[in-house]
Amino acid sequence: MNEAVQMTTEPRRRPKQERSRERIDAILSTTMRLIGEKGIDAVTMKEVGAQAGGPIATVYHYFPNKSAILAMLYERFSEVSRARLAAIVADVGGLGDVIAAADRLLDDYYERVAGDPAIQDLQNAIQADKALKNLDIAETRHQATMFCDHVGPFLAPERRNEFGRMVFLIFQLAGGVVRMALTQNQEESRHTIEDYRSIIHTQLGLFL
């Protein structure tokens, strides 16, 4: 990511003292609540400051703009995603466990996003903002690497790079599939997820 893009999504300062961490937590939780209530476009920095219990200057003290708040919200969402991914892949003891792990990851991601309108809006905003979308791609690559680092040793060495490329595509496409499924009625949404699951099984099956 180039310096100009990074500056739009970086907080002005990272919290070091407990009081600063509490202020940032209040800003983030307030922003997430407002996103869930009224949608991301309607949320303003001024409103966040007022409802987080402080003046607008407090928000700008930590964040240069709303994109920087969204970036940190996405960072925290990603931290939870990494922890859940690590717990799931820890159960992979061989190639026979890979497809079951992929199923669990898809179901877990769908349930997390479907269960929280604020996360849905955050995910849509990430895709609409170039700087944030770059963060999303980088995070997807990181999580795909986590998966491959655990599964790779079970594969023949000459297939590991190809497997890594396939896993990255599967992970990256999952976001779009889930976002689309959440716009559909219940039956169509179920078919969308199951059709994508079938694609995952087919592609991973080429390596198992």
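First, a caution. This is a predicted model. Keep that in mind throughout.

Start with the fold. How many helices and strands does the chain have? There are 10 helices and zero strands. Read from the N terminus, the order is α-α-α-α-α-α-α-α-α-α.

Now the overall dimensions. Along the principal axes, the C-alpha atoms fill a box of roughly 55 × 40 × 30 Å. The chain has 208 residues, and 44% of them count as buried. The exposed surface comes to about 11100 Å². Carbon and sulfur atoms supply 52% of that surface.

What about contacts along the sequence?

Next, the helix pair. Two packed helices are described by the angle between their axes and the distance between the axes. Here the pair is α5, residues 66-89, and α7, residues 117-128. Their axes come within 11 Å. They cross at roughly 115 degrees. The crossing of α5 and α7 is left-handed.

Which residues make the contact? From α5, they are L70, L73, Y74 and F77. From α7, they are I119, L122, Q123, A125 and I126. By type, the residues of this contact divide into eight nonpolar, one polar and no charged.

On to the core. The largest nonpolar core has 59 residues. Which of them touch the most other members? F63, F147 and F163 do. Helix α5 gives the largest share of this core, 11 residues.

Now the single residues. Q123 lies in helix α7. Is Q123 buried or exposed? Its relative accessible area is 5%, so Q123 is buried. Setting aside residues up to four places away in sequence, Q123 touches F77, Y109, V113 and R179. One distance for scale: Q123 and R33 are 90 residues apart in sequence, and their C-alpha atoms are 15 Å apart in space.

Second, E47. This residue lies in helix α3, residues 45-51. Why does E47 count as buried? Because its relative accessible area is 19%, and buried means under 20%. Beyond its neighbours within four places in sequence, E47 is in contact with L34, K38 and A42.

Third, G54. Look in the loop between α3 and α4. G54 has 16% relative accessibility, so this glycine counts as buried too. Not counting residues up to four places away in sequence, G54 touches R23 and G49. Compare Y196: G54 and Y196 are 142 residues apart along the chain, and their C-alpha atoms are separated by 45 Å.

Last, I193. Find this isoleucine in helix α10, residues 186-205. At 7% relative accessible area, I193 is buried. What is I193 in contact with, leaving aside its neighbours within four places in sequence? The partners are L106, Y110, V177, V178 and A181. I193 and A174 are 19 residues apart along the chain, with their C-alpha atoms separated by 9.2 Å.

To recap: 10 helices, zero strands, and a 59-residue nonpolar core with its largest share from α5. That's my tour. Questions, please.

Definitions and conventions:
Residues numbered from 1 in each chain as written. Predicted model: local features only at pLDDT ≥ 70, side-chain atom pairs only at ≥ 80, totals over all residues. Heavy atoms only, no water. Axes fitted to C-alpha atoms, helices over the stretch in contact; angles between N-to-C directions. Helix = DSSP H or I, 4+ residues; strand = E, 2+ residues; numbered from the N terminus. Left-handed = near helix turned anticlockwise from the far one by under 90°. Contact = heavy atoms within 4.5 Å. Nonpolar A, V, L, I, M, F, W, Y, C, P; charged D, E, K, R; others polar. Core = buried A, V, L, I, M, F, W, Y, C linked by side-chain atoms within 4.5 Å. Buried < 20%, exposed > 50% of the residue type's maximum accessible area, 1.4 Å probe, protein only. Areas by Shrake-Rupley, 256 points an atom, 1.4 Å probe, with all protein chains shown as cover.
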